[in-house]
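The sequence and model are shown below.

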Amino acid sequence: MDPVRSITSPEERKYRDDQEEQPKSTNPLLCQRCQIWDNIWTWVYRRTKDDPISLQELSRKTNCLMCRILGTMIEARRGNSETLRKWPASSVSVLERGPFFLDKGVWPPESPFRIDSSDPTKTTIRLLLHLEVTFLSNELELDETLAEVQSEYTDRKASKITLTPQLCFNYSADGTPHLTSIEPWEIPVFDVSLLKTWLRGCETVHGSLCVGESHIQIADLPLGFRVIDVCAMHIVKPSASMRFIALSYMWPLGGDTDVQLEKKNLQELETPGGLINTPLPNIISDSIALCRDLGENYLWIDRLCIVQDDVDEKPAQIAAMDKIYRSASSTIVAALNTRGGTGLPGTKGQPRESSIWTPPRDGEVEGRGIKPNGMTAIVQSSLWNKRGWTFQERILSRRRLFITESQVIFECSRGKAYEELTYLPQQPREAREEDPGSPQDPETERAKQLEEQEWCQIPAFSPWSRYDPDHDIDFNMKNSTSLVDYFHWVEDYTSRQLSYDSDILNAFAGVGNFLTESLNSRLIFGLPERYLPQTLMWSCLGPAERRTEMPQIPSWSWASSTKRSDYKWIAGSSTFVEHMVRIASLAYFYFQDPDLGLRKLAVREQWIENEVAMKDIENNDEVLELPGKYMPSVWRTKQTWQECPQNPWKAWLNQGLDPRACNAAASLPGSLLFNTTVATLKLGHDTRDIYKNEDPLYRDASICTSDNIQVGWLNKMSRDWIEMHIGDDKLYEFIVICGALADWRSRKTLVQYFKEFDLWRMHVMLVERIQIQREAFIVRRVGVGVVDAHKWKDCNPRWETVVLC
């Protein structure tokens, strides 16, 4: 980031003119190089080039305020790391990228709210300093050490670390101001009143916008629901509607000896005062104290509110996590990087770490503010956010207070607020320029009023925006939650860690209950029944590795795989888009329900954007004609599908299930049955030039006919797997799941240059036969891919009743 502005503004020119008129003097407390810091605004407006300095040289300039504080901070980072200590001071280069302020940026930079003149003896400017510390390897052979530093401290592409420590610059208040001292500016504890203001402000301003505001009904909560009375310090079973907050945190690893609610201590802990003399983990005792300080009376913590050895109550409570977290008025989230005995950073007795250890802030060069990145750099990257059970705790909570090692972040379904943006006086609100003669529609007026209320009552609040980098995944329950949100959530959830494979569906159960409600579809092994064809097309890098502890989970569910699953490949891009959910139905699905037996699934029949029965699609030009740009014409669509061996109207004619397959499925609970076409095909190397900047270990494989004509591609398999499965004598079976349009990018570009390019695809699944009964076609999932719809006829497919288990 270059702090030098390329264009001189009027404010900058005026500042330069004023400086030239004033007599220049040297500050004896600064070296010649650091004289520019005698006036911070001189640095901001400077036009000079970057001037790095070695750590060795910094250590020599003990009489310079700036050099001394820089050397102290960098040595502190080095001193705590054996890796960094391997570099001699002469090989460590330091570059100041200038001052930034804990606000969102303002012009001109020397705005009054950034300057503290409350003390008549001095003027204080509180800021963060952007430092780049580079480790030079040209003097010594330190390549291996450099790799360690890059792995531990950087993005592996640069031999440097970035620090953004918080500092106080104190200037004399008499005569010409000069820098007199530089001190660390740390905030060891957070202001509880700020957290209370956030929560109360959200309740007042947003109300029902934050997903329902009604107090819980006891009858709706699971059997044995309990909370902690933080005033009387005991566990209680509420008998009437009440208000409580919840805690999300990580349990200790390994030999966990901390107290938990069990049948043997239930009576003792339910006695008033029963928790006073009970040794509690620091994180729990701190949470109880914080709850009390927030003015709340009741706190729910799984460890102390679920009887851990009750075989009836515990499963019921786990299955009802959605009701518990959605009923809580807010959730305290310990978004930390340790599962040890530490408490909540920033509470009394738990001071937070120095700002030299926090992830670097992103500076906003123009106005010298910051672009808050705590949600991404701290919360998203925390160990807490990598655990499987915390996934649903985050999504199901209405309001979240993320307690991190460096700051508190508030989040609700409307937006977020960062504690660090409240350290300075509130930045003046920018006035809107409006045409007094233009009419104001009610929707716009309500939005303006809401923003004004947020600014006044929720300090440092920022509504979510479409392009917010912290909002790639929407972790909020909404009435508008869609299948695209489901795709996001599956990818995030399956990337997390679980101590036990057997928890894969349990830890998703609460979110599953919410999705059942929002998508109007029950879930079967984690997949929404209504949208089964779309959700069957999950993919992972290489063949799925089965969860050995959970053989009852069928191979067609992402829950059966130990790898991260995603659906992005369908869109042909790195982001999720709405057209990923638009398909052409080509099969009727049945499910061998472990409890109810074989039943037909309530799968939504659709033709891209329209919900329409498969039998009604043939020759229906109104349905076949698709609105929008880069869509296939009606005549091309008719030609493709009339020639295709499998289309919606043929699927309707081929509904009858093979009795032999039904008999086989009866002994395979959890299996899917459906009539579809199957083709025996070969695999080959994918020759498309699409692998720049991608993982070199995984590639797509070509799907080819017996004549080696490419008809499609299999998504992301390992190079070794592809090499093992390529050969003229190696044949594999592919089944059709549904039809779809080619991704938007392909439709936009290729159709203009290739006359024969068809916009239609078949989503297919690579399967392997299971020789349980030779008479039935029983298979397991191996991978997924696509075949050009107009080429499926060249694959010589046959109709089968597939038993997918």
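Not counting residues up to four places away in sequence, Ser-565 touches Val-490, Glu-491, Thr-494, Trp-538, Ser-539 and Trp-558. The model is a predicted one. Ser-565 is placed in the loop between α17 and α18. Its relative accessibility is 0%, and Ser-565 therefore counts as buried, the limit being under 20%.

Trp-558 has its own set of contacts beyond four places in sequence: Tyr-486, Val-490, Tyr-493, Thr-494, Ile-504, Phe-508, Gly-526, Leu-527, Trp-538, Ser-565 and Tyr-567. Together with Trp-300, Trp-558 has the most contacts inside the largest nonpolar core, which has 118 residues. A second, separate core comprises 57 residues, including Trp-37, Leu-70, Ile-161 and Met-375. In soluble globular proteins, nonpolar side chains tend to be buried together.

**Aromatic pairs and cluster**

The count of aromatic pairs in the model comes to 27. Two of them are set out in the table.

| Pair | Centre to centre | Angle between planes | Class |
|---|---|---|---|
| Trp-198 and Phe-410 | 5.9 Å | 25° | stacked |
| Tyr-486 and Tyr-567 | 6.4 Å | 50° | tilted |

Tyr-486 and Tyr-567 are both buried. Both tyrosines are also among the contacts of Trp-558. Trp-558 in turn forms one aromatic cluster with Phe-391, Tyr-493 and Phe-508.

**Surroundings of Pro-222**

Pro-222 is found in the loop between α6 (192-205) and β7 (227-229). Its relative accessibility of 11% is the reason why Pro-222 counts as buried. Setting aside neighbours within four places in sequence, Pro-222 is in contact with Ala-316, Gln-317, Ala-320 and Ile-324. The C-alpha atoms of Pro-222 and Lys-323 are separated by 8.3 Å, although these two residues are 101 residues apart along the chain.

**Enclosed space**

Rolling a probe the size of a water molecule over the atoms shows where empty space is left. In this model, the count comes to three cavities of 30 Å³ or more. The largest cavity has a volume of about 40 Å³. Its lining consists of Ala-587, Tyr-588, Tyr-590, Ala-651, Asn-654, Gln-655, Leu-657 and Asn-675. By residue class, this lining divides into five nonpolar, three polar and no charged residues.

**The chain as a whole**

The secondary structure of the protein comes to 24 helices and 31 strands. Of the 805 residues in the protein, 54% are buried. Among contacts between residues at least 6 apart in sequence, 71% join residues at least 24 apart.

Methods:
Residues numbered from 1 in each chain as written. Predicted model: local features only at pLDDT ≥ 70, side-chain atom pairs only at ≥ 80, totals over all residues. Heavy atoms only, no water. Helix = DSSP H or I, 4+ residues; strand = E, 2+ residues; numbered from the N terminus. Buried < 20%, exposed > 50% of the residue type's maximum accessible area, 1.4 Å probe, protein only. Contact = heavy atoms within 4.5 Å. Core = buried A, V, L, I, M, F, W, Y, C linked by side-chain atoms within 4.5 Å. 1 Å grid on protein atoms, 1.4 Å probe; cavity = no way out; pocket = protein on both sides within 12 Å on 5 of 7 lines; lining within 4 Å. Points joined across faces, edges and corners; volume = space filled by probe spheres on them. Nonpolar A, V, L, I, M, F, W, Y, C, P; charged D, E, K, R; others polar. Phe/Tyr/Trp six-rings, centres within 6.5 Å; stacked < 30°, edge-to-face > 60°.
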